[in-house]
Amino acid sequence: MAVHSLDLDPLLKRTFGYGSFRPLQREICETTLAGQDVFALLPTGGGKSLCFQLPALARPGLTVVVSPLIALMKDQVDALQASGVAATFLNSSLDGDEARSRLRGLHRGEYKLLYVAPERLMLEGWAANLKKWNVDCLAIDEAHCVSEWGHDFRPEYRQIAKLRDLLPGVPVMALTATATTRVRADIITHLKLRDPAVFVASFNRPNLTYRVIPKDQPLKQIIEFIRKREHECGIVYCASRAATERVAEGLAGRGFAARPYHAGLDAAERARNQEQFLRDDTRIICATIAFGMGINKPNVRWIIHHDLPKNIEGYYQETGRAGRDGLPGDCLLLFSAGDIAKQTHFLDEITDAQEQQIARAQLRQIVHYAESSGCRRSELLGYFGEKFPGDNCAACDNCLEPRETYDGTLAAQKFLSCIYRILQNSRFGAGLNHIIEVLTGADTEKIRRWGHDRLTTYGIGADLTRPQWAAVGRELMRLGYVTVAEGEYATLELTEEGMAVLRARTPITLTKPMDLPKARRTARREGDIECDEILFDRLRTLRKQLADERRVPAYIIFGDTTLRAMARQYPESVDDMDGIPGMGEKKRAEFGELFANEVAAYLRTNSRQPFNG
């Protein structure tokens, strides 16, 4: 028999042990119980799962929960079963006998909640099953997966809308922890929600502190950070599997209880590492972004991003895994211009034009956040359409230690003028890297072909390095003087404001970029060599391949110092290898040509970078 919405309090207390609801939970539960479609946006730690779990207990039939990850399903079903709720899941982790047993239970009406992946709902025979199972509600968890503009788009989520025709009278609930206004509209459209009640909680996590620092010897920075928090649990997010392994090994080698987590590990090891973290046997997980969705571990005290996230939504969700219990949490992002280059390189390989355009826009937004001198909390909330009520949050680096500013009028005039001259001369715009090459007087095939070496702005920016010009360009975008043109190519254009300040020579104040000049002047250690980071990654991949073929550790082939020297000097032949540290005769004879060929192949599609010193 259905429970009236007024009886939700005792049901909440009896089943889950909570004496009160979190913000918006009661309203969401009552609305769905009244039969209306619901769109609910509650930040990580806001208790969105309860919004469909509690109403499921108040309904006579079955609530089907569409969930994207096996780990998320198991975690929630385990928690529900521990609370005495008849819940189950069906996914590829089950053997045939167990899956058939659960299907029989569903046919007998033994369960209140069923967790299932979206693609399984589309399998043959499932339409008939859903009609038989007395489905009362369809809850779509992680609903942002339906939108191409979301941070975790999954095409199979688009198929869920077919269930509207199959179950026309069943209310649908879409839930997510992160979504911009654009993504919210996408979710409502693609899931065919009918006049939904929309609930949006505040994105502010007042217990979290946000910091961004320049990446410089990242393992050393991470160790320095966690040494002050040795008894606390935390997650180090890395962009690649190799980085997670490298960081986990580096921390474990220095006595920290750290484990890796990524899709390349076998299922048993991945599950074991996750379980150890959940049980606090392992304090630190070094993970790719696959880790954390649906993992309700309340005592994660800190989050470190070893690499630049792909977008703000992903960053917000990952930092949101700290402090879910409401106690303080620290969020640290290590940022370098090299990470921007890596991400841009990966984006260049995306073949779908619209997908690439979306990814570029998302990358610009997270770079804007990382380099901004404004309040981090205000920046994050503003991205999601919420205004922070104050000028100083007192809980981010920029509010606690405001960055210095300087008179950037001359640099800004040079940059804006270069954009204007290129467009005037060629009738088409250019991207950030090409503008910087013109300013610094680079000798490239494109510059010669387009005649940009004859522009008045050619070489007028030789006083600044390429990274410094890139920082100036990105800040001028943040200030609204420069914009990125719509379309396939990410060319820069002057806005009306940019044209006005160029003509009037209006004074412009810029923020000094985050920098660690003293750290770079210390004694050289492995990893300190400034080099082409993308080429370094390619050489490291080649080294790994050679090491695997010989079944030896990678350092037996070459150490990182050798690879970084190659990624700095660009040797295109064996003869060019002279002076590369670690390049003995035998190694030069055995491996020199292979690495020189890799450098030459890289230079066919990339220009050399100049380095200081």
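## Helices H10 and H11

Helices H10 and H11 are oblique to each other, in a model that is predicted. Their axes cross at roughly 50 degrees and come within 11 Å. The crossing of H10 past H11 is right-handed.

On the side of H10, Leu219, Ile222, Ile223 and Ile226 take part in the contact, and they meet Val247, Gly250 and Leu251 of H11. Sorted by class, these residues comprise 6 nonpolar, 1 polar and no charged.

Ala257 is located in the loop that joins H11 to strand S10 (258-261). The relative accessible area of Ala257 is 37%, so this residue is partly exposed.

Although Ala257 and Thr282 are 25 residues apart along the chain, their C-alpha atoms are separated by 5.2 Å. When residues up to four places away in sequence are not counted, Ala257 touches Asp281, Thr282, Arg283 and Ile284.

## Overall architecture

The protein contains 27 helices and 17 strands. Its radius of gyration is 27 Å, close to the 25 Å given by the globule rule for 613 residues, and the protein is therefore as compact as a globular protein of that length. Taken along the principal axes, the box filled by the C-alpha atoms is roughly 80 × 65 × 50 Å.

Of the 613 residues, 52% are buried. Among contacts with a separation of 6 or more, 73% are between residues 24 or more positions apart.

## Helices H2 and H3

Two packed helices are described by the distance between their axes and the angle between them. For helix H2 (residues 25-33) and helix H3 (residues 50-57), the axes come within 9 Å and cross at roughly 50 degrees. H2 and H3 are therefore oblique to each other, and their crossing is right-handed.

The H2 side of the contact consists of Gln25, Ile28, Cys29, Thr32 and Leu33, while H3 supplies Leu50, Cys51, Leu54 and Pro55. The contact of H2 with H3 has 7 nonpolar and 2 polar residues, with no charged residues.

## Helices H14 and H15

Helix H14 (residues 337-348) and helix H15 (residues 353-371) have axes that come within 10 Å and cross at roughly 170 degrees. Angles over 145 degrees count as roughly antiparallel, and H14 and H15 are therefore roughly antiparallel to each other.

Ile340, Gln343, Thr344, Leu347 and Asp348 of H14 make the contact with Gln356, Ala359, Arg360, Leu363 and Val367 of H15. By class, the residues of the contact of H14 with H15 are 5 nonpolar, 3 polar and 2 charged.

## Thr405 in strand S14

Thr405 belongs to strand S14, which spans residues 405-407. Thr405 and Val367 are 38 residues apart along the chain, and their C-alpha atoms are separated by 19 Å. Val367 is also one of the H15 residues in the contact with H14.

With neighbours within four places in sequence left aside, the contacts of Thr405 are with Thr509, Leu510, Thr511 and Lys512.

## Two residues with positive phi

Most residues other than glycine have a negative phi. Asp195 is not a glycine, yet its phi is positive, at about 40 degrees. This residue is found in the loop between helix H9 (181-190) and strand S7 (197-200). Asp195 has a relative accessible area of 66% and is exposed, since the cut-off for that class is over 50%.

Tyr570 also has a positive phi, near 55 degrees, and is a residue other than glycine. Tyr570 lies in the loop between helix H26 (560-569) and helix H27 (585-603). The relative accessibility of Tyr570 is 3%, and this residue counts as buried, because buried means under 20% relative accessible area.

Conventions. Residues numbered from 1 in each chain as written. Predicted model: local features only at pLDDT ≥ 70, side-chain atom pairs only at ≥ 80, totals over all residues. Heavy atoms only, no water. Axes fitted to C-alpha atoms, helices over the stretch in contact; angles between N-to-C directions. Helix = DSSP H or I, 4+ residues; strand = E, 2+ residues; numbered from the N terminus. Parallel < 35°, antiparallel > 145°, perpendicular 65-115°, else oblique. Left-handed = near helix turned anticlockwise from the far one by under 90°. Contact = heavy atoms within 4.5 Å. Nonpolar A, V, L, I, M, F, W, Y, C, P; charged D, E, K, R; others polar. Rg over C-alpha atoms; globule rule 2.2 N^0.38 Å. Buried < 20%, exposed > 50% of the residue type's maximum accessible area, 1.4 Å probe, protein only.
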